[in-house]
Amino acid sequence: MTQLERFQRDGFLILEGFSSDSECDALMTRAAELSTGFDYTGHPSVFQTSEQTRTSDDYFLESGGRVSFFFEKDAFTAHGKLKNTIELSLNKIGHALHDLDPVYNNFSRSPQMKRLAAELCIADSLLIQSMHIFKHVEIGGVVDVHQDSTFLYTEPLSCVGFWFALEDATIDNGCLWAKPGGHQTALRSWFRRKDTGGTEFTIFDASPIDMTEMIPLEVKKGTCIVLDGLVPHYSLPNTSSKSRRAYTVHTISRDARYPMEN
Ligand code: FE2
């Protein structure tokens, strides 16, 4: 069975040893450099984990074309001061690292990425979004079950995610969970800009996502997990003493319509 056939069967594909240790380390070093240089005074944007309370301020909406910093909700004291260093307080950096930062650009457009895209028959796709996700010890929070096409909606649907483990991902430190074949379902919602400002979810299918048979995708550092935009997935809080840093990029078809409301 080819990689493409496994991906089409399961809705995800696990590729161990996709990136070298040094390639993973380069991203973690770069994230630390970017974090240290970030002056957060004035506009801390806290990444809210529940979809209902997702940050929808201008900082979030403008981050699609920038290198923006999002804090964990438990990173601040009641008086609005960080409890730890900036890097140890962040949920993620996004969403245009792949275009704006040379280290992330190299990683995102590596020879092995080009080979993989060709094997998946999406060599012509566009890199639309990237995130460096920290999932720190103790404050690394839950990511509720979702479909990536909700946030990277195209007509027809075309989102494919690439999730790179920069460190070992285990049940304890909050690995991804997904169900083999879970992508054989409808898109539930579209996260879009409201005409009046802010964001909202347009509901296509109000039926709850089937949470049975979800399995933990425990993977070693250097693994790439490819995710169909329809496959429901989530991750639990990091309850371990080890961080679970990851980098993700998402692609869409260049032939699909990308609505202005995205
Ligand atoms: Fe996701």
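Before anything else, some bookkeeping: Ala, Val, Leu, Ile, Met, Phe, Trp, Tyr, Cys and Pro count as nonpolar, Asp, Glu, Lys and Arg as charged, and the others, Gly among them, as polar. With that sorting, the lining of the largest pocket divides into 16 nonpolar, 15 polar and eleven charged residues.

Okay, ground rules. What we have is a predicted model, where local features need pLDDT of at least 70, side-chain atom pairs count only at pLDDT 80 or more, and totals for chains, interfaces and linings use all residues. Residues are numbered from 1 along each chain as its sequence is written, and side-chain values use heavy atoms, with hydrogens and water left out.

On confidence: pLDDT is the predictor's confidence in each residue, from 0 to 100. The protein averages 92, and 94% of the residues score at least 70. Residues 49–56 fall below 50, and that stretch has 23 contacts in the model beyond near neighbours in sequence. A contact here is heavy atoms within 4.5 Å.

Back to the pocket. We work on a 1 Å grid over the protein atoms alone, and a pocket is an open set of points where a 1.4 Å probe fits, with protein on both sides within 12 Å along at least five of seven lines; lining residues have an atom within 4 Å of a point. Points are joined across faces, edges and corners, and the volume is the space filled by probe spheres set on them. So how much space lies in the largest pocket? About 900 Å³. It has 42 lining residues, and the closest to its centre are Lys92, His95, Gln129, Met131 and Phe151.

Which element gives the largest share of that lining? Strand E5, with four residues. Helices (H or I, at least four residues) and strands (E, at least two) are DSSP runs, numbered from the N terminus. Elements supplying at least two lining residues include helix H3 (58–61), strand E4 (90–95) and strand E14 (246–252).

His95, by the way, sits in strand E4, and the peptide bond from Gly94 into His95 is cis, omega near 5°. There's another cis bond between Glu155 and Pro156, with omega about -5°; Pro156 is in the loop between E6 and E7. Most peptide bonds are trans, and most residues other than glycine have a negative phi. Glu138, in the loop between E5 and E6, has a positive phi of about 70°. Glu213 has one of about 65°, in the loop between strand E10 (199–203) and strand E11 (215–217).

For accessibility, buried means under 20% relative accessible area, exposed over 50%, partly exposed in between (1.4 Å probe, protein chains only). Glu138 is exposed because its value is 71%, and Glu213 is exposed because its value is 59%.

Arg66 is in the loop between H3 and strand E3 (67–71) and is partly exposed, at 43%.
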